[in-house]
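Please read them beside the coordinates.

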Amino acid sequence: MKSTTEELPQYRLITAQLQAKIENGSLKSGDKLPSERELCSIYHTTRITIRESLMQLESSGLIYRSERRGWFVTPERLWLNPTQNTNFHKLCLEQGRQPKTELLDGRVVTVPNQVAKPLLLEPFEKIYLLTRLRFADDRAICYCENHCLPARVPELLSHDLNGSLTEVYETYYNLIYTSMHLSFYPTAMPEPAANALGVTVGRPALLLQRLNYDQYGRILDYDVEYWRHDSLRIEVDTL
């Protein structure tokens, strides 16, 4: 009678061995895995089998692929407590990570239909739309669309938006985020987010939608964020 190990497909055996190396620290956060060709030689198998193993590990969030660079061990996820008033840059720094935000585009647009309702706007009203990319330790992990109200933050596009929007609001408009309505759920990565993050369209993503309020209880802006599925975990303490 064959053992359970012998009955497993080869790709699952390779997946288990690589996972063990990650969990026991032989492969550490940020380490580069051997190339697919080298893995074929190490495990005496085909590239198809190796790729199946790597995709299994990627799906579980243990490794990720960087275009033209290869496969790497995924860094520890950032953790977010939605009940705490924080921002991306502060969140990263508190957890020993180096944050960066890059402005991809900023323009005045007609408010999208799906955004008009949470912002309490009429059809055809104008807003500022910022598309930005967020990095932790130089790895792009979040594609963000900020829908900002010109009435709250006039001439917003004249400021440097490659950084914390929270700090821009505080410095130039004396506005402070004090509360939010947050929803989040898993989804498929849409094309704009996938292209910016360097992942395949349709890959798993975590969608966060935030309606933010200022210190006067007024709606301040509305954010739509697509996070890589392996980059964030959400924790909430209850009493």
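1. The axes of helix 3 (residues 36-43) and helix 4 (residues 47-59) come within 9 Å and cross at roughly 105°. Helix 3 and helix 4 are therefore roughly perpendicular to each other (65 to 115 degrees). Axes are lines fitted to C-alpha atoms over the stretch in contact, with angles from 0 to 180 degrees between N-to-C directions. Helices are DSSP runs (H or I, at least four residues), numbered from the N terminus.

2. On the helix 3 side, Glu36, Arg37, Leu39, Cys40 and Tyr43 make the contact (heavy atoms within 4.5 Å); helix 4 contributes Arg47, Ile50, Arg51 and Leu54. By class, this contact of helix 3 with helix 4 has five nonpolar, no polar and four charged residues. Ala, Val, Leu, Ile, Met, Phe, Trp, Tyr, Cys and Pro count as nonpolar, Asp, Glu, Lys and Arg as charged, and the others as polar.

3. The model is predicted: local features need pLDDT of at least 70 and side-chain atom pairs pLDDT 80 or more, while totals for chains, interfaces and linings use all residues. Residues are numbered from 1 along each chain as its sequence is written, and side-chain values use heavy atoms, without hydrogens and water.

4. Helix 2 (residues 10-23) also packs on helix 4, with axes that come within 8 Å and cross at roughly 50°. Helix 2 and helix 4 are therefore oblique to each other. Residues meeting across this contact include Ile14 and Leu18 in helix 2 and Ile50 and Leu54 in helix 4. The contact of helix 2 with helix 4 divides into six nonpolar, six polar and one charged.

5. Which residues line the largest cavity? They are Pro75, Glu76, Arg77, Leu78, Arg97, Ala136, Arg139, Ile141, Asp230 and Ser231 (a cavity is a set of points on a 1 Å grid where a 1.4 Å probe fits but cannot get out; lining residues have an atom within 4 Å of a point). By class, this lining has four nonpolar, one polar and five charged residues.

Notes
1 Å grid on protein atoms, 1.4 Å probe; cavity = no way out; pocket = protein on both sides within 12 Å on 5 of 7 lines; lining within 4 Å. Helix = DSSP H or I, 4+ residues; strand = E, 2+ residues; numbered from the N terminus. Parallel < 35°, antiparallel > 145°, perpendicular 65-115°, else oblique.
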